[in-house]
Amino acid sequence: MLMTSLMIGLLVSVSSFEVDTNTFSNYQDIAITHIHLEWLLDLDDHYINATAQYDFQVTKTVVYVIDLDVQKIPVEYVYYSKNGKILPFQIIDKKEQSELQGDILRITLDRAYAKGETLQIRIRYSVTDKSRAIGFLYPNQTDSKTTPYLYSYCQDNKCRSMIPLQDTPSRKQTLSASVLVKDDRLVVFMTGKSLTQNYPLMHTYDKAYKQYNFKLDIAIPSYLFAIVAGNLESRQVGLQTGIPCYVICEVSCIEKSAKELEDLQSYVNSLATYVGAYDWGEYKIVIMPPSFPLGGMEHPLLTFASPSIIVGDKSGVGTAIHEIGHSWTGNTVTCNNWSNMWINEGFCTFLERKILGQLYGQNSVKLDAYLGNNSMWQQMNTYGLDNSFSSLHPNTTDQDPDDSVSQVPYDKGYQLLLYLETLFGEEQFQAFMKAYIIHFKWQSIDEDDLYQFLLSWVRKGSFQNKPEIITKISVVYKDWVYRPGLPPVILDFSTPEYLDAIALADDWIKGITPDNYQRFSTWRYNQKSVTLTRIEANFAILTPEIYKAIDDAYKLSESQDIRLQYRWFIGCVKGKYLVKWDLIDTFLGSIGARGQLVNMYKNINSYDPERALTTYKKHRYFYHPSASYAVDKEVFGIGEVQISPIQ
């Protein structure tokens, strides 16, 4: 075990050719192999008193300076851990890139360090509410209404706003941490395993504080670092044998969350059966407050998930399965930059739908694929069909890589893998998936690494039609990855359930009350979503009477399923049907999903900018910094909407 941890921690070589243009660090010259954090959390003042200790290994011939990514982090001083010698540093302003991707923390070393040498330094700094990675919540923004709350969200390149580091998926490092809390009511979880023994403190404080300690011996990229603190409880679900699985959330919602996710262990087991052993020990999922800016985030041993997946009928577990799938595709085999994000998300979407197919059947999976394809097509048209953001290899140079995140890496990537499965057959493709994980285990790779391995694996295989398969892969692969727009091969996701959902929508669109219209209420979420997506797409021809008839029939505005509410409200907003504005307003003040917020506010702003801005100013304090930044920029075209905090 000790040898395994050591070897994993020493994987410091950059494994693939493509560089990461979204980091300002000199990660190709010197590598962080381990980070130890010491944080004192002050949630009342939205402040973290921080020290970070770094183990470095030189990978270039000679190094004189260390360049790290930073954004909106006040740095106090830098020094060698062993002798306390202060090292000079400067913050290099990246000017127009500063707001998008931060600046450079340049540390000048006291001598030249040669390839293979190691060194250890510490940085004293602080984290404030200017950090785009950290969400500080007031008690009234939580479920309990009694205790403040903190959580992080670092993907794609926001970890640099809570830790100075090499903020790139090309570099992986092990992690340990001591987290001290000023408020004894807070319970803290962090990426890694909880320890009972305290680490020695690096800094002297004015008093003794309650201390939490964590350790992760598997090296991970910075975007997977995570912390959550609040009035939290952990509950084990599933069998007491096998892979231990835990649900974590605020005490007030632990019962319903644990019940909804009681089959968590079986999802982990199903994925392990399909793709290979689960190497992370235990599995923990945190059900987040409503302001969480996306559906889920796959931090090892600490998955975050939106409360929208807790709907009472387990129809939201696809998100949990997707995030579990990242334990292999993303956390074990990782994209080496954000132009290759589909290597994480396309593979994971494939795994998610493979397990959902076992649970609900292939026709249900095809409905999911149709919905994903539809969202992807809309986003491609928004970007432009000749824009690289509509490809599987977006050009993120000098841009915030978050701007390229859409349904494209998920579903265009998924469709490529599904096409390959049709060439190989299901059994052979499963064998390929297992071989792929083993071959690239703990590495960061690009699309060409995958392509070369794919061809090599087929050539070594026992396919009867091997030359034909190789030819078909060679013809479509690079085109599928690099060409913007729809894939070169169009797959068919129609099913009887899809046709029924479309027929129901078309009757409503024509102003006809459909026969047996109540069948909608018996459908699973994805089939309902097909109907609502069709209705949304025809907003230009819908009358207020039609909107009212649909809402009267299905009570969508009052739905307890946030996912359905969004599907309905985005159609209402596009169609300027604002009869139930109070409910839409309440909805906007109770969700945090970045994409949904941008879409809602952008459509309202297109015809009623005063209403859009007034509503946004009222709710902005509720959103995570990454979500409010996206709305500020993409909807209102300004640096930052000014509001007064509501406590």
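Reply:
**Loop position and its context**

Lys 314 is located in the loop between strand E20 (303-305) and helix H5 (317-325); helices (H or I, at least four residues) and strands (E, at least two) are DSSP runs, numbered from the N terminus. The model is predicted, so local features need pLDDT of at least 70 and side-chain atom pairs count only at pLDDT 80 or more, whereas totals for chains, interfaces and linings use all residues. Residues are numbered from 1 along each chain as its sequence is written, and side-chain values use heavy atoms, with hydrogens and water left out.

The backbone of Lys 314 has a phi near 65°, a positive value in a residue other than glycine. With a relative accessible area of 21%, Lys 314 is partly exposed, since buried means under 20% relative accessible area, exposed means over 50% and partly exposed is in between (1.4 Å probe, protein chains only). A positive phi is also found at Lys 576, where the value is about 60° although the residue is not a glycine. Lys 576 is placed in the loop between helix H15 (562-574) and helix H16 (581-588), and its relative accessible area of 55% makes it exposed. Another backbone feature is the cis peptide bond between Gln 155 and Asp 156, with omega about 0°. Asp 156 belongs to the loop between strand E10 (149-152) and strand E11 (173-181).

The side-chain contacts begin with charge pairs. The structure holds 37 salt bridges, each a side-chain nitrogen of Lys or Arg within 4 Å of a carboxyl oxygen of Asp or Glu. One of them pairs Lys 633 with Asp 403, with the closest N and O atoms 3.0 Å apart. Lys 633 lies in helix H19 (residues 625-634) and Asp 403 in the loop between helix H7 (362-383) and helix H8 (408-424), so this pair ties together parts that are 230 residues apart in sequence. Lys 633 is partly exposed at 24% relative accessibility, and Asp 403 is partly exposed at 22%. Lys 314 takes part in a network: salt bridges that share partners join it with Lys 259, Glu 262 and Asp 263.

Arg 235 pairs with Glu 255, the closest N and O atoms being 3.1 Å apart. This pair links distant parts of the chain, with Arg 235 in strand E16 (residues 232-237) and Glu 255 in helix H3 (residues 254-260), 20 residues apart. Arg 235 is partly exposed, with a relative accessible area of 24%, while Glu 255 is exposed at 53%. In the salt bridge between Lys 215 and Asp 217, the closest N and O atoms are 3.8 Å apart; Lys 215 is partly exposed at 37%, and Asp 217 is partly exposed at 28%.

Arg 132 lies over the face of Tyr 629, 3.6 Å from the ring centre; a charge sits over a ring if NZ of Lys or CZ of Arg is within 6 Å of the ring centre and within 35 degrees of the ring normal. Likewise, the charged end of Arg 524 sits over the ring of Tyr 360, at 3.8 Å from its centre.

Rings also pair with one another. There are 41 aromatic pairs, counted where rings of Phe, Tyr and Trp (its six-membered ring) have centres within 6.5 Å; planes under 30 degrees apart count as stacked, over 60 as edge-to-face and the rest as tilted. Phe 424 and Phe 463 form a tilted pair, 5.3 Å centre to centre with 45° between the planes. Phe 424 is in helix H8 and Phe 463 in the loop between helix H10 (447-460) and helix H11 (466-482), 39 residues apart, and the pair thus links distant parts of the chain. Both Phe 424 and Phe 463 are buried. They belong to a cluster linked by ring pairs, whose members include Trp 342, Tyr 414, Phe 440 and Trp 457.

Finally, an open sheet of 3 strands has the order E3-E7-E6, with antiparallel pairing; two strands pair if DSSP finds at least two bridges between them. Strand E3 (62-70) and strand E6 (89-92) are its edge strands, each pairing on one side only. E6 and strand E7 (residues 103-114) run antiparallel and are joined by 4 bridges. Gln 90 has Arg 106 in E7 as its bridge partner.
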